[in-house]
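The exercises below concern the structure shown here. Work each one before reading its solution.

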Amino acid sequence: MGQDPGEIRQDIEQTRERMGDTVEALGHKTDVTGRAKEAMSSRVDSVKSKVTGTTPDSGEVKQGAKRAAGMAQENPLGLAIGAAAVGFVGGLLIPSTSVEDDKIGPMADQVKEKVKETGQDAMERGKDVAQQAAQSAKDTAQEAGREHADGLKDTAQQKAQETREETGSTA
């Protein structure tokens, strides 16, 4: 019991400071939404900085054109296939004439309907998969958050008990 009251006060003050730091750290760890917002903000800033740095200047455009011309000379078959694909897509986008409608109209309508149905089925399956993935991610994040919060709560209780014991033994 031979401690000076000034030393005891100093010990108490140091303990309070440590507890304050611990409480602040626990508060930060339990603020999952705040930390998620900070992480998203930093990622958005990172993407923005990458995008602004990717705009090509005139020298890069010229170099790309030269590279494309070189590839066309090295691979004329690939160029022909690409041109045919562009022509095919262009032909689909241009309205049909009455002669085309008379000659291949019913068959073209069947093909278009089949493509439309197939596209809708694929889109519905994609939506289902995306919803399942989102729900799974949400469930996993919630469970991890609960576990993390429980662990933090236990740690906080332990620290509080240790602090009570320290202040009880110094008094």
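**Exercise 1.** Sort the lining of the largest pocket by residue class.

Solution. In this predicted model, the lining of the largest pocket holds eight nonpolar residues. The remaining classes are three polar and four charged residues.

**Exercise 2.** Locate the largest pocket and state its volume.

Solution. Begin with the volume, which is about 420 Å³ for the largest pocket.

**Exercise 3.** Describe the secondary structure of the protein chain and state what percentage of its residues is buried.

Solution. Count the elements: the protein chain has five helices and zero strands. Read from the N terminus, their order is α-α-α-α-α. For burial, apply the cut-off of under 20% relative accessible area; 4% of the 171 residues then count as buried. As for the surface, the protein chain exposes about 14,400 Å², of which carbon and sulfur atoms supply 58%.

**Exercise 4.** Which helix of the protein chain has the lowest confidence, and which the highest?

Solution. Start with the whole protein chain: the average pLDDT is 77, and 89% of the residues score at least 70. Now go to the elements. Helix 2 (residues 32-52) is lowest, with a mean of 71.

Conventions: Residues numbered from 1 in each chain as written. Predicted model: local features only at pLDDT ≥ 70, side-chain atom pairs only at ≥ 80, totals over all residues. Heavy atoms only, no water. 1 Å grid on protein atoms, 1.4 Å probe; cavity = no way out; pocket = protein on both sides within 12 Å on 5 of 7 lines; lining within 4 Å. Points joined across faces, edges and corners; volume = space filled by probe spheres on them. Nonpolar A, V, L, I, M, F, W, Y, C, P; charged D, E, K, R; others polar. Helix = DSSP H or I, 4+ residues; strand = E, 2+ residues; numbered from the N terminus. Buried < 20%, exposed > 50% of the residue type's maximum accessible area, 1.4 Å probe, protein only. Areas by Shrake-Rupley, 256 points an atom, 1.4 Å probe, with all protein chains shown as cover. pLDDT = per-residue confidence, 0-100.
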